[in-house]
Each structure stands twice: as structure tokens, then as C-alpha cells.
Amino acid sequence: MVSEKMKSVLVHYNQGLTLYKARKFQEAKEEFKKGLAIHPEDGPSKLYIERCDDYIADPPPEDWDGVYNMKTK
């Protein structure tokens, strides 16, 4: 069973993911941060915050398909 706390995290995570896919990286980052405020150990939200930061600094090409290309190994 999923706790109410985790349900709240998932709401923010899913909203963040929708915004991320729509190339709204700043807004997506804010949603992921809201999820982390509820559950600071949420790894997926942390990962997407990093990706949002990367794309805010260096936006993906116009034909971006949502796939994140790692810059280092």
C-alpha cells in the first residue's frame, strides 16, 4: 500500500515529468523540488532536477524526443 505521503510525492513527480516532456524545465524543476520537500530521499526527483538544470543551461534541440543523453560516463 502506498502511503499518503508517497501519493503526494507522486503527484508532484508526475506533474514534473509532464512539464519536463513539454520542455518547461524551470516549472518541472519546481514540481520535482516540491516532491523532495515531502520526501528528501526521492532519487528520481533528484535525477530530474539535475537534468532540468542541464537543459535550462543548455536547451535540447528542437527535435528533442525526451531522451536524456549523458555527457559523462
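**Labels and cut-offs**

Guide: Ser45 has its place in helix α3. The model is a predicted one, in which local features need pLDDT of at least 70 and side-chain atom pairs count only at pLDDT 80 or more, while totals for chains, interfaces and linings use all residues. Residues are numbered from 1 along each chain as its sequence is written, and side-chain values use heavy atoms, with hydrogens and water left out.

Visitor: What makes a stretch a helix, and how many helices and strands are in the chain?

Guide: Helices are DSSP runs of H or I with at least four residues, strands are runs of E with at least two, and both are numbered from the N terminus. By that rule the chain has three helices and zero strands, in the order α-α-α along the sequence.

Visitor: Why is Ser45 called buried?

Guide: Buried means under 20% relative accessible area, exposed means over 50%, and partly exposed is in between (1.4 Å probe, protein chains only). Ser45 has a relative accessible area of 0%, so it is buried. Across the chain, buried residues make up 32% of the 73 residues.

Visitor: Which residues does Ser45 touch, not counting those up to four places away in sequence?

Guide: They are Tyr13, Phe32 and Leu36, where contact means heavy atoms within 4.5 Å.

Visitor: How do you know that His12 and Glu31 count as buried?

Guide: His12, in helix α1, has a relative accessible area of 18% and is therefore buried. Glu31, in helix α2, is at 11% and therefore also buried. Leaving aside residues up to four places away in sequence, His12 touches Glu31, Lys34, Gly35 and Ile38. With its own neighbours within four places set aside, Glu31 is in contact with His12, Gln15, Gly16 and Leu19.

Visitor: Why are α1 and α2 called roughly antiparallel?

Guide: Axes are lines fitted to C-alpha atoms, for helices over the stretch in contact, and angles run from 0 to 180 degrees between N-to-C directions. Angles under 35 degrees count as roughly parallel, over 145 as roughly antiparallel, 65 to 115 as roughly perpendicular and the rest as oblique. The angle between α1 and α2 is about 170°, with the axes 8 Å apart; the two helices are therefore roughly antiparallel. Residues making the contact include His12, Tyr13 and Tyr20 of α1 and Phe25, Glu31 and Phe32 of α2.

Visitor: What makes a set of residues a nonpolar core, and which members touch the most others in the largest one?

Guide: A nonpolar core consists of buried Ala, Val, Leu, Ile, Met, Phe, Trp, Tyr and Cys residues joined through side-chain atoms within 4.5 Å. The largest has 13 residues, of which Tyr20, Phe25, Phe32, Tyr48, Cys52 and Tyr55 touch the most other members. At least two residues of this core come from each of α1 (4-21), α2 (25-38) and α3 (43-57). Cys52 touches Tyr20, Phe25, Ala28, Lys29 and Phe32, residues up to four places away in sequence not being counted.

Visitor: Why is the aromatic pair of Phe32 and Tyr48 called stacked?

Guide: Rings of Phe, Tyr and Trp (its six-membered ring) pair if their centres lie within 6.5 Å; planes under 30 degrees apart count as stacked, over 60 as edge-to-face and the rest as tilted. Phe32 and Tyr48 are 5.3 Å centre to centre with 20° between the planes, and the pair is stacked. Phe32 is in helix α2 and Tyr48 in helix α3, so the pair ties together parts 16 residues apart in sequence. Both Phe32 and Tyr48 are buried. The structure holds 11 aromatic pairs, and ring pairs link a cluster that includes Tyr13, Trp64 and Tyr68.

Visitor: What makes Arg51 a charge over the face of Tyr48?

Guide: The rule asks for NZ of Lys or CZ of Arg within 6 Å of the ring centre and within 35 degrees of the ring normal. Arg51 lies over the face of Tyr48, at 5.4 Å from the ring centre.

Visitor: What is phi of Arg23, and why is Arg23 called partly exposed?

Guide: Phi of Arg23 is near 70°, a positive value in a residue other than glycine. Most residues other than glycine have a negative phi. Arg23 is in the loop between α1 and α2, and its relative accessible area is 28%, so it is partly exposed.
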